[in-house]
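Hello,

Here is the structure I said I would pass on. My notes on it follow below.

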2 protein chains.
Amino acid sequence: MDKKLSILVSNDDGIFSDGIGALIRELQTIADVTVVAPETQQSAVGHAITVHRPLRVREVQKDGKFFGFAVDGTPADCVKLAIRHLMPVKPDLVVSGINHGSNTAISVIYSGTVSAATEGTILGIPSFAVSLTSFESNVDYSYAAKFSRTFALQVIERGLPNGTMLNVNIPPLSEKEIQGIVITRQGKSVWNDEFEARRDPGNRQYFWLKGELVELDEEEDIDQRAILNNKISVTPIQFDLTDYKMIEQLKGWKIGK
Amino acid sequence: MDKKLSILVSNDDGIFSDGIGALIRELQTIADVTVVAPETQQSAVGHAITVHRPLRVREVQKDGKFFGFAVDGTPADCVKLAIRHLMPVKPDLVVSGINHGSNTAISVIYSGTVSAATEGTILGIPSFAVSLTSFESNVDYSYAAKFSRTFALQVIERGLPNGTMLNVNIPPLSEKEIQGIVITRQGKSVWNDEFEARRDPGNRQYFWLKGELVELDEEEDIDQRAILNNKISVTPIQFDLTDYKMIEQLKGWKIGK
């Protein structure tokens, strides 16, 4: 290619996370990388955008060099601000990640990582989200980052249809332990979450959310199942939430009559 | 019916908003209403949930009587906390609203109002979101509230399939000005948003998001189009975001090879 590729990177774990660092190091070998990421951890923010207060942007240095822009907002804010304002020319690709922890099944709708890539797609840029499916504190992002580099080139070359993004989940394994790549569907698994009530030193009650994903899917082509089989999962995602099957049924309701 | 109906009400404009007040007054004529809503305005929070800090709950009085529970979290937090913890028995229905402003087209994925109903659906309760499609400061919620009461009875009687919720948008008109009810699809319209850069008194820059929805849909059965035609829009919504058409195409990519 004549012109150097341009890639926008964001995430939801924050600009100082290890996952975004590993991703950027790999992508810099193939493209100019612009980093616009949240100042702080933004997990489970869903597709939140900030509308009731303005956003602040801070230039972040790492190892004595300019590293990227930290935004005091959500992942979707970061991508919107990058493409609408900070970048003089639209990037060829948006990559969000590498998230620390999986984004499969119903978690897709809670995911800040997915939402950054969603925002890229809404703004007309091919985009993917990438997550390492381990919640352990000490994880190795190196293979996930290497895969992301190869995949980035493939997505740029192939392009994506308008309104479609890709949600990639990678098991925390070495290249030779990975058992393959599966094109998957979003699973139906949900969280069995509950709240743990505690009392603060002043005896006032507060509630911690806790829970785990309940596996409801057995099929091999489900995102969460691929991960359990030590495979990389790639799910194409779109944002028309209309339940088309339900439309005819609703027409029979004679609503308001 | 023998047993009195139980309805959970939440919203994203906050527990003190006029829209939730009007909705509750109407629903109390048909059911026991439990109110669990955000302490503060939560517009555009998407399907955010709070995982990095605990939640606080405060009992709110209105006119000298217990009114409901205010939560220092998002709409999805409110519904999750209500169903998983605060309510001894699951409600028959979750209603989120009445939102001040429309939730159509791409705004569905940014909407806190929709996310409260989504969370009800995820937890297995029939749920709908209702929005009054006016951003004027002084709006009349009375017809929207009255419609919501009739519709609530209909949704409880008919039931909804697992994983499907209903997104209702109502024009800010009187009953006789409303031109009918349309079962709609989510529109493709997007925001032409941009950021306005300003400087604070200390000369530091900050960015305000602004923009408007660009109408891209002409068909009569699109949510946003129904509103422009002075009709009530009812869109069935589901949360499997998989782009099924894209799956076969991706299989041909030979990813990672």
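In the largest nonpolar core, which has 154 residues, A:Val9, A:Val95, B:Val9 and B:Val95 touch the most other members. A nonpolar core here is a set of buried Ala, Val, Leu, Ile, Met, Phe, Trp, Tyr and Cys residues joined through C-beta atoms within 7 Å; buried means 20 or more other C-beta atoms within 10 Å of a residue's own, with C-beta atoms placed from the backbone.

This is a predicted model: local features need pLDDT of at least 70 and side-chain atom pairs pLDDT 80 or more, while totals for chains, interfaces and linings use all residues. Residues are numbered from 1 along each chain as its sequence is written, and chains are lettered from A and ligands numbered from 1 in written order.

Leaving out residues up to four places away in sequence, the contacts of B:Val95 (C-beta atoms within 7 Å) include B:Val9, B:Phe128, B:Ser148 and B:Ala152.

B:Ser148 and B:Ala152 are also among the buried residues of helix 5 of chain B, a DSSP run of H or I of at least four residues. The buried residues of this helix pack against several elements of chain B, including strand 1 (5-10) and strand 5 (93-100). B:Gly159, with a positive phi near 75 degrees, follows the helix.

Between the chains, 61 residues of chain B contact 61 residues of chain A. Of the interface residues of chain B, 100% are also interface residues in chain A, so the copies meet through the same surface.

Regards

Technical notes. Contact = placed C-beta atoms within 7 Å. Buried ≥ 20, exposed ≤ 12 C-beta atoms within 10 Å, placed from the backbone. Helix = DSSP H or I, 4+ residues; strand = E, 2+ residues; numbered from the N terminus.
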